[in-house]
Amino acid sequence: MLKSIAVMTSGGDSPGMNAAARAVVRTALYEGVKVWGIKEGYHGLLEERMFEMQSKDVGDIIQRGGTFLGTARCKRWKTPEGRMLGYQHLVDRGIQGLCVIGGDGSLRGASLLSQETGIPIVGLPGTIDNDVWGSDYTIGCDTAANTIIDAINKLRDTASAHRRVIVMEVMGRSSGWLALVAGISGGAEYILVPEEEYDLEKLCDDMKDAYAQGKRYILVVVAEGAGNAQEIGDFIAQKTELDTRVTVLGHIQRGGSPTVIDRVRASQLGEQAALALISGLSDVVFGFSKGRVVSIDLHDSVNNKKQLDPEYLHLAKVLF
């Protein structure tokens with residue numbers, strides 16, 4: 001049984017990271033285990049920005065977006081020398097295991113640290129893109145999707161009033177999950193994702209036909225990895241001569257108070273991560289499958305690519 005563990009958040013922030021870290025800390029303390037917080041992810045570890053945590057340190061944070069521990073990108077962590085330095089900093093403080101909350105890149109860095117040093121590592125999937133292999137859910141994805149839906153609802157009002165085409169770009173460089181689920185639940189006419197090819201010329205022809213039959217507006221949701229929204233909007237305007245506007249939501253999707261789902265699920269994952277780490281379990285990621293917490297092999301998680309649900313893709317076509 002480990003007597004001292006640490007927790008960090010890494011990579012892009014996502015709503016619910018605070019809830020997960022809070023659960024890790026309070027579960028460890030409940031079990032009589034010392035717990036350290038690492039500020040600003042791997043960068044903070046290399047800079048020795050660590051502090052021993054008490055229950056009060058995670059009070060009043062479950063409702064907050066972002067991450068109270070902070071996060072940062074770290075090029076030095078990509079080198080074996082950087083990872084070995086980070087490991088030494090953990091050893092110097094008697095830290096025996098590490099919980100990493102982050103996305104694919106953060107978990108990949110954790111996997112390398114485990115392979116190279118043998119230190120027990122447990123990961124939690126914290127990313128709004130919901131693109132971590134082996135899990136149906138990642139911390140923050142529900143809040144981000146609801147943020148997009150709020151924007152869709154408002155854009156539909158002005159689109160209908162002016163009979164406009166609205167092209168809205170959402171996050172998702174390599175995964176179209178956010179665009180897909182938000183597009184389906186928001187009633188978008190077209191959803192463009194990096195996982196599927198699309199014919200913009202045909203899309204424009206369909207738009208002209210729809211307007212000729214009395215359509216008042218059209219909403220196109222574009223994942224950033226599927227193309228530049230401004231260029232797509234310009235193309236649509238030129239080809240259809242329809243009044244077209246472009247909205248890029250940007251980093252507003254990362255912020256905001258987490259939803260009930262993100263608070264509860266992040267808390268469940270944080271508890272499981274702490275208990276597993278304390279018991280000496282290593283090289284696992286905890287996620288959800290069919291509504292239940294599951295453990296996923298860490299190395300499998302970072303070496304496989306998650307695919308979009310084909311049922312969602314089919315549904316998007318049916319509901320067009």
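A residue is called buried under 20% relative accessible area, exposed over 50%, and partly exposed in between, using a 1.4 Å probe and counting protein chains only. The structure is a predicted model, in which local features need pLDDT of at least 70 and side-chain atom pairs count only at pLDDT 80 or more, whereas totals for chains, interfaces and linings use all residues. Residues are numbered from 1 along each chain as its sequence is written, and side-chain values use heavy atoms, with hydrogens and water left out.

**Stop 1**

Select Asp60, in the loop between strand 3 (50-52) and helix 3 (80-92). Helices (H or I, at least four residues) and strands (E, at least two) are DSSP runs, numbered from the N terminus. Asp60 is not a glycine, although its phi is positive, at about 60°. Asp60 counts as exposed because its relative accessibility is 51%.

A salt bridge is a side-chain nitrogen of Lys or Arg within 4 Å of a carboxyl oxygen of Asp or Glu. Arg64 has a relative accessible area of 42%, so Arg64 is partly exposed. By this rule the count comes to 15 salt bridges.

**Stop 2: helices 7 and 8**

Select helix 7 (residues 200-212) and helix 8 (residues 229-240), which pack at an angle of about 50° with their axes 10 Å apart. Helix 7 is therefore oblique to helix 8. Axes are lines fitted to C-alpha atoms, for helices over the stretch in contact, and angles run from 0 to 180 degrees between N-to-C directions. Angles under 35 degrees count as roughly parallel, over 145 as roughly antiparallel, 65 to 115 as roughly perpendicular and the rest as oblique.

Show the side chains of Glu201 and Lys239, which meet in a salt bridge (3.7 Å, N to O). Glu201 lies in helix 7 and Lys239 in helix 8, so this pair ties together parts that are 38 residues apart in sequence.

Then select Asp205 and Lys208, another salt bridge, with the closest N and O atoms 3.9 Å apart. These residues, Asp205 and Lys208, are separated by about one helical turn because they are 3 residues apart in helix 7.

**Stop 3: helices 5 and 6**

Finally, select helix 5 (residues 141-162) and helix 6 (residues 177-186), whose axes are 9 Å apart and which pack at an angle of about 45°. That angle makes helix 5 oblique to helix 6.
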